[in-house]
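I opened my notebook for a quick look around this structure. Here is what I looked up, entry by entry.

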Amino acid sequence: MATTFSDPVRHCLRGKRFAVRVGSDLSSERAIDAGVAQGSKIGSVLFNIYVNGIPSPRNCQTRLCLSADDTAVISTGESNKAIEELNNYLDQLGKWLIMWKIKVNADKCQAVYFTRRRKVPDPPKLYRRAIKWSKETKYLGVTLDSRLTYDNHITNINKKYCEVLALILTLFTVLEESIDCLFTSILYPKSYAPLQ
């Protein structure tokens, strides 16, 4: 029996079921009608194949940045023109998302206006819904604030470093105490035991 590329893909997509656990309660099983199981090994590959046809911006001031399922749309230039170009692209993107049945939660989308100016233009729109301006966003592990100072990013990295350092020091202390305990209880008494 000949195996094609689509056979393993078909196996990953067909007949899959899921249940939801909240605390100790488990829902009844339901069929997965679209998509792949979260965390599956082939899921990210299939997602990349699926979104391969995502439309590219038509102008050079707007860029689409994709990394797995993290997506950023960046538009540069004079304020009003940049927002106009961004909204044009978001309209085009919204139509493509609807056509390919990809749901984007517009409430989870963020828009950051990188500037030193105090006045910001009207926010961009996806599905004709405004995406609220945020003071900062996190993209691919980097916290970007509206003034590009990286203050919060550096603070977060420093906090994580201090937490890891404290953990390492605690482990060294426990390890040192364990070695002392082993030495005094096992090796030390035998080294002074009378020879027979």
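**Entry 1: the pocket.** Before listing a lining I need the term: a pocket is an open set of grid points with protein on both sides within 12 Å along at least five of seven lines, and lining residues have an atom within 4 Å of a point. I also note that I am working with a predicted model.

I went to the second largest pocket and found a volume of about 230 Å³. Its lining is made by Tyr113, Thr115, Arg117, Arg118, Val120, Trp133, Ser134, Lys135, Ser146 and Arg147. Sorted by class, that lining has 4 charged, 3 polar and 3 nonpolar residues.

Entry 2: Which residues here have a positive phi without being glycine? I found Leu148, with phi near 55°, and Tyr150, with phi of about 65°. I made a note of them because most residues other than glycine have a negative phi.

Leu148 sits in the loop between strand 12 and helix 4, and Tyr150 lies in the loop between strand 12 (142–145) and helix 4. I checked accessibility too: Leu148 is partly exposed at 40%, and Tyr150 is partly exposed at 34% relative accessible area.

I then looked from Tyr150 to Glu136, 14 residues away along the chain, and read a C-alpha separation of 9.7 Å.

**Entry 3: a patch.** Which residues make the nonpolar surface patch of about 780 Å²? My list reads Tyr161, Val164, Leu165, Ile168, Leu169, Phe172, Leu175 and Ile179.

**Entry 4: salt bridges.** How many salt bridges does a search of the whole structure find? The search gives 2.

One of them joins the side chains of Glu29 and Arg17, with N to O at 3.3 Å. This pair links distant parts of the chain, 12 residues apart: Arg17 is in strand 1 (residues 17–18), while Glu29 is in the loop between strand 3 (25–26) and strand 4 (30–31). Arg17 is partly exposed, at 48% relative accessibility.

Lys81 and Glu85 also form a salt bridge, and their closest N and O atoms are 3.2 Å apart. Both residues lie in helix 3 (residues 79–99), 4 residues apart, which is about one turn of the helix.

Glu85 has 16%, and buried means under 20%, so Glu85 counts as buried.

Entry 5: I stayed with Glu85 for one more distance.

Where is Cys60 found? I traced Cys60 to the loop between helix 2 (43–50) and strand 5 (62–67). Cys60 counts as exposed, at 58% relative accessibility, whereas Glu85 is buried.

Definitions and conventions. Residues are numbered from 1 along each chain as its sequence is written. This is a predicted model: local features need pLDDT of at least 70, side-chain atom pairs count only at pLDDT 80 or more; totals for chains, interfaces and linings use all residues. Side-chain values use heavy atoms; hydrogens and water are left out. On a 1 Å grid over the protein atoms alone, a cavity is a set of points where a 1.4 Å probe fits but cannot get out, and a pocket is an open set with protein on both sides within 12 Å along at least five of seven lines; lining residues have an atom within 4 Å of a point. Grid points are joined across faces, edges and corners, and a volume is the space filled by probe spheres set on the points. Ala, Val, Leu, Ile, Met, Phe, Trp, Tyr, Cys and Pro count as nonpolar, Asp, Glu, Lys and Arg as charged, and the others, Gly among them, as polar. Patches are made of residues with over 30% relative accessible area and no salt bridge: like charges are joined within 9 Å, nonpolar side chains (Val, Leu, Ile, Met, Phe, Trp, Tyr) within 5 Å. Accessible areas come from the Shrake-Rupley method with a 1.4 Å probe; for residues, only the protein chains shown count as cover. A salt bridge is a side-chain nitrogen of Lys or Arg within 4 Å of a carboxyl oxygen of Asp or Glu. Helices (H or I, at least four residues) and strands (E, at least two) are DSSP runs, numbered from the N terminus. Buried means under 20% relative accessible area, exposed over 50%, partly exposed in between (1.4 Å probe, protein chains only).
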